[in-house]
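Here is a short briefing on a single protein chain. Keep the structure open while reading the points below.

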Amino acid sequence: MALDQSFVGRSYPPTDPYEVGREKIREFAEAVGDTNPAYADTEAAKALGHPDVIAPPTFVFAITFKAAGQVIEDPQLGLDYSRVVHGDQKFAYTRPVRAGDRLTVTSTIEAIKSMAGNDILDIRGEVHDEAGEHVVTAWTKLVARAADTAAEGA
């Protein structure tokens, strides 16, 4: 069953603040194999003009995807998450995420499309710091695969 087009443009309340920690940044950088010293060494980050260590560009995915959970779990939308795969991800930064940031995310359904029985859901996550300044926008594309009617009829 196709997702309701009337949900396009719907925004969800901002998340509670997420406090970005140096250790979380370091662990993430290690996990993705990025050895940039600005991710682990405060002095290296300061030498590049940052007030503290910064996060790798994809670090914010964990925060924005969690916020997208408000959309995914909205019972009125009717998304069958058991059929969802992650289709695409992109980011547009105003500035890097830094240790000590307290970030909130507001998720908005930007588009809903149906293609070959699959539902494609585009969610935009606007990330702001504690002062209300924009940090990054993240776009997440989710694909809810069409039901296999032959298997379900068996």
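Is Phe65 buried, partly exposed or exposed? Phe65 is partly exposed, because its relative accessible area is 22% and the buried class ends under 20%. The model is predicted, so every value here is computed from predicted coordinates.

**Confidence and overall layout**

- The mean pLDDT of the chain is 93. A score of at least 70 is reached by 95% of the residues.
- Strand β1 (residues 18-19) has the highest mean pLDDT, 98. Helix α4 (residues 149-153) has the lowest, 51.
- The chain holds 4 helices and 5 strands. Their order along the sequence is β-α-α-α-β-β-β-β-α.
- The C-alpha trace spans about 60 × 30 × 20 Å along its principal axes.
- Of the 154 residues in the chain, 38% are buried.
- Take the contacts between residues at least 6 apart in sequence. Of these, 69% join residues at least 24 apart.

**The sheet**

- The 5 strands make an open sheet, ordered β1-β3-β4-β5-β2. The pairing is antiparallel.
- β1 and β2 (84-93) are the edge strands. Each of them pairs on one side only.
- β1 joins strand β3 (residues 102-115) through 2 bridges. Glu19 has Arg102 as its bridge partner in β3.
- β3 pairs with strand β4 (residues 118-128) over 11 bridges, in the antiparallel sense. Ala111 faces Asp122 of β4 across this pairing.
- β4 and β5 run antiparallel and share 10 bridges.
- β2 and strand β5 (residues 134-144) are joined by 9 bridges and run antiparallel. Ala92 is partnered by Thr137 in β5. Val84 stands opposite Ala144 in β5.
- β5 is mostly covered, with 8 of its 11 residues buried.
- In a regular strand, side chains alternate between the two faces of the sheet.

**The hairpins**

- The hairpin of β3 and β4 has 2 residues between the strands. Ala116 there takes a positive phi near 55°.
- The hairpin of β4 and β5 has 5 residues between the strands. Gly132, in that turn, has a positive phi of about 85°.

**The helices**

- Helix α3 (residues 61-72) contains both Phe61 and Phe65. α3 lies across β1, β2, β3, β4 and β5. The helix runs at about 55° to β3.
- Helix α2 (residues 42-47) includes Ala44. Ala44 has a relative accessible area of 18%, so this residue counts as buried.
- Ala44 is in contact with Pro37 and Ala38, leaving aside its neighbours within four places in sequence.

**Aromatic pairs**

- Phe61 is partly exposed, at 26% relative accessibility. Phe65 is also partly exposed, at 22%.
- Phe91 and Tyr93 make another pair. Their centres are 6.3 Å apart and their planes stand at 45°, so this pair is tilted.
- Phe91 is partly exposed, with 24% relative accessibility. Tyr93 is partly exposed as well, at 32%.

**A charge over a ring**

- Which ring does the charged end of Lys90 sit over? The ring belongs to Trp139. The charged end of Lys90 is 5.3 Å from the centre of that ring.

Definitions and conventions
Residues are numbered from 1 along each chain as its sequence is written. This is a predicted model: local features need pLDDT of at least 70, side-chain atom pairs count only at pLDDT 80 or more; totals for chains, interfaces and linings use all residues. Side-chain values use heavy atoms; hydrogens and water are left out. Buried means under 20% relative accessible area, exposed over 50%, partly exposed in between (1.4 Å probe, protein chains only). Rings of Phe, Tyr and Trp (its six-membered ring) pair if their centres lie within 6.5 Å; planes under 30 degrees apart count as stacked, over 60 as edge-to-face and the rest as tilted. A charge sits over a ring if NZ of Lys or CZ of Arg is within 6 Å of the ring centre and within 35 degrees of the ring normal. Contact means heavy atoms within 4.5 Å. pLDDT is the predictor's confidence in each residue, from 0 to 100. Two strands pair if DSSP finds at least two bridges between them. Axes are lines fitted to C-alpha atoms, for helices over the stretch in contact, and angles run from 0 to 180 degrees between N-to-C directions.
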